[in-house]
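I opened this notebook to keep track of what I looked up, entry by entry. The structure comes first, and my notes come after it.

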Amino acid sequence: MMLASRALQAVCLLSSLSNGLGFTMISSSINSKLPSSISSKLSMGYLDDLSPSQPNNDEENSKPDNSKPAPPINRPSGRLVPSGRGPLGSYLDAVSSGNLTPTNDQDDDDQSESVPYQPLPKPASWTNTYLANFLTDDDPRTDIRNLLTQRSIQSFMRLLEECRDPHSAKWIQEDFLQTGNLLDFHGTGAKFIEQFGGTWDSPLLEMIARPKDRIIVSAKRRGRGHGGWSKNNPFLEERWVEIPIDIDPANLAFRILSVREQIANEWVKDLDILMDANDQILDSFFETNRGRREAGGNVGMAMESGSFVRTSMNMMNDISRGAVTQSSPFRRSNFDLMYNLCTQAAIHRILRERKAAFEEREVSFIFLRDYYTGRAEEYFDGELTYGRADDFIDDLLQTTPSVLSPQGGGGGLVDPVGAAEEIIKMRKVVAQEWKALMERVSEDHTGVRQALFSSQMQRDSPQDVKNSSSGFQ
């Protein structure tokens with residue numbers, strides 16, 4: 001009985017040493033050296049915690065757990081990025097940029113050097129050549145379906161990151177779309193939509209046609225500076241484990257379609273909010289000006305506080321928080337971009353209709369065309385901040401009336417408030433048409449699903465079909 005008790009104590013001691021010091025059984029078939037054919041390197045501790053969660057405010061006073069990898073390094077700016085992902089970098093950023101996060105074991109070593117965070121380059125946006133063609137063609141730059149595809153891919157990449165699958169997101173971002181940091185891009189015209197032909201289904205059809213791919217991930221399993229071992233011990237051999245990860249582009253496209261339908265269903269409701277907020281702008285503008293005149297307000301006060309009350313984002317927050325079902329990852333960002341694109345589409349439609357009515361030489365047409373084209377890069381192109389659509393209308397409402405004298409002769413008084421009023425009315429018309437488009441998104445996916453089914457049938461091996469037929473005989 002005494003011998004059995006001592007044997008049990010010895011087993012428990014060995015088990016505790018194994019768990020505390022990081023001993024593990026490693027197969028002899030795993031190569032102990034880093035292969036030269038690996039396609040990506042991940043930080044130490046990657047297998048233990050692939051995507052650490054955000055800090056919990058309720059546990060700020062608790063002691064840190066040194067057994068887990070350190071969280072990603074804070075971004076230098078520390079501000080909330082427009083996409084809503086927060087100021088912390090993610091493992092997708094680390095995998096894509098090659099910036100590796102040191103573990104706590106390395107932090108304890110005075111000789112260790114931390115790698116500074118280097119953000120990925122921003123993705124390219126739509127070229128400004130559309131400004132020369134939108135008056136003659138119904139340009140794809142302001143097509144709501146293209147924005148829906150862009151935001152669906154971005155939201156799907158975010159979901160992959162949350163589900164601890166940054167490798168599929170990395171394949172979409174770098175190998176397929178070949179963009180920069182797409183997750184943090186807050187804009188209405190991503191470059192890849194234009195590169196794929198400017199149609200909403202072109203990226204999805206191209207993804208379906210891509211063959212299956214495989215990514216080999218190499219992670220450090222044991223060695224110096226990892227698993228509790230000192231990095232200065234020359235007798236410890238580094239051991240690596242290779243993990244093959246299969247990428248099925250057709251399956252990714254199928255899942256993106258589901259995300260696209262969910263966002264479309266949300267936009268059916270969000271477009272109602274857009275129209276409600278749009279109808280309140282002029283009333284708020286006239287009421288605000290009347291109140292300032294009665295209070296003796298000056299122009300400087302108006303420029304600082306705005307010419308109308310902005311209610312769209314507050315209304316959006318109320319409906320998203322009170323929703324029965326969980327919203328998509330970037331719903332508020334999606335609403336802001338949809339609001340911005342709707343404003344731009346309304347301006348394009350006004351100018352096209354006026355040109356078709358041979359009103360190109362009228363003062364109102366020339367003023368709106370020059371005002372818009374001179375500020376399109378600031379308010380509508382590239383990386384955007386929140387509320388740029390309201391900023392554009394606000395600046396237009398506060399523009400001082402003036403006399404415009406075009407080169408062809410003539411001239412007249414410019415009415416900025418009348419131009420803003422026309423944009424607001426046209427924006428409601430565009431929103432109503434977009435709502436009808438969003439209600440038919442599931443029907444629009446029929447052709448893509450047929451292409452997906454045909455692709456899967458063609459990829460079935462003929463040898464497998466032959467074997468199944470012979471077995472049946």
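**Entry 1, ground rules.** I am working with a predicted model, in which local features need pLDDT of at least 70 and side-chain atom pairs count only at pLDDT 80 or more, while totals for chains, interfaces and linings use all residues. Residues are numbered from 1 along each chain as its sequence is written, and side-chain values use heavy atoms, with hydrogens and water left out.

I looked up H17, which runs over residues 441–458 and has 18 residues; helices here are DSSP runs of H or I with at least four residues, numbered from the N terminus. From first C-alpha to last, H17 reaches 26 Å, close to the 26 Å expected at 1.5 Å a residue, where the expected span is 1.5 Å times one less than the number of residues. I also noted a bend of about 35 degrees at Gly447, the bend being the angle between axes fitted to the seven residues ending there and the seven starting there.

Which residues of H17 are buried? I found Val441, His445, Val448, Leu452 and Ser455, with buried meaning under 20% relative accessible area, exposed over 50% and partly exposed in between (1.4 Å probe, protein chains only). These buried residues pack against helices H4 (144–162), H7 (202–209), H8 (249–279) and H16 (416–439), contact meaning heavy atoms within 4.5 Å.

Salt bridges that share partners join Arg310, Glu378, Arg388, Asp391 and Asp394 into one network. Asp391 and Arg388 are separated by about one helical turn, because they stand 3 residues apart in helix H15 (residues 388–397).

I also looked up Arg210 and Glu206, which meet in a salt bridge at 3.3 Å, N to O; Arg210 is partly exposed at 26% relative accessibility, and Glu206 is partly exposed at 32%.

Most residues other than glycine have a negative phi. Gln178, however, has a phi near 55 degrees; it sits in the loop between H5 (166–176) and H6 and is exposed at 63% relative accessibility. Phe358 has a positive phi of about 60 degrees, lies in the loop between H12 (331–356) and H13 (363–373), and is exposed at 75%.

Key. Helix = DSSP H or I, 4+ residues; strand = E, 2+ residues; numbered from the N terminus. Salt bridge = Lys/Arg side-chain N within 4 Å of Asp/Glu carboxyl O.
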